[in-house]
Amino acid sequence: MDEKENIIERKSAFITGVWSERVLVITEDYEIKGYVFMPKTGRRNRILTDILNSNKRFVAIKNCKLKHRKTSNRVIEAHDFIQLNLDSIVLIRPALQEE
């Protein structure tokens, strides 16, 4: 996602009352970069903690790219939306701007 799309996504999140966070998620098989969303009911810096500690078993990731970790020669997949089981997450963190 380029900078213009990022600005549009953040404006949309502001209007809809939802925080968005660009994340890097590592599972056993994939490296996933995309956006997670949470309602603006708490503090913005708690998005990832709130997702991981919720009673839900899946997290929605939008505008994401999936890279296969075990077969690096495969094409990186792009998806508008995926649901990821929280039990499959090895690591989740905010993505750096250059990632």
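**View 1. E31 and K33 form a salt bridge.**
At 21% relative accessibility, E31 counts as partly exposed, because the cut-off for buried is under 20%. This is a predicted model. K33 is partly exposed too, at 24% relative accessibility. The closest N and O atoms of E31 and K33 are 3.8 Å apart. How many salt bridges does the structure hold? It holds four.

**View 2. K70 and E28 meet through their side chains.**
The two side chains make a salt bridge, with an N to O distance of 3.2 Å. Where do the partners sit? K70 lies in the loop between β3 (58-68) and β4 (77-85). E28 lies in the loop between β1 (18-27) and β2 (30-39). The pair therefore ties together parts that are 42 residues apart in sequence. Is K70 buried or exposed? K70 is exposed, with a relative accessible area of 57%. E28 is exposed as well, at 54% relative accessibility. Both values count as exposed because the cut-off is over 50%.

**View 3. D29 and K70 form a salt bridge.**
Here the N to O distance is 3.3 Å. This pair also links distant parts of the chain. D29 is in the loop between β1 and β2, and K70 is in the loop between β3 and β4. They are 41 residues apart. D29 is partly exposed, with a relative accessible area of 35%.

**View 4. E28, D29 and K70 belong to one network.**
What joins these three residues? Salt bridges that share partners do. K70 bridges to E28, and K70 also bridges to D29.

**View 5. Five strands build an open sheet.**
Follow the strands across the sheet: the order is β4-β3-β2-β1-β5. The pairing is antiparallel. Which strands stand at the edges? They are β4 and β5 (89-94). Each has a single partner strand, so one side of each is left without a neighbour in the sheet. From one strand to the next, the twist averages 35°.

**View 6. β1 pairs with β5.**
The two strands run in the antiparallel sense. How many bridges do they pair over? The pairing of β1 and β5 spans five bridges. Look for V25: this residue stands opposite I92 in β5.

Notes
Residues are numbered from 1 along each chain as its sequence is written. This is a predicted model: local features need pLDDT of at least 70, side-chain atom pairs count only at pLDDT 80 or more; totals for chains, interfaces and linings use all residues. Side-chain values use heavy atoms; hydrogens and water are left out. Helices (H or I, at least four residues) and strands (E, at least two) are DSSP runs, numbered from the N terminus. Buried means under 20% relative accessible area, exposed over 50%, partly exposed in between (1.4 Å probe, protein chains only). Two strands pair if DSSP finds at least two bridges between them. Axes are lines fitted to C-alpha atoms, for helices over the stretch in contact, and angles run from 0 to 180 degrees between N-to-C directions.
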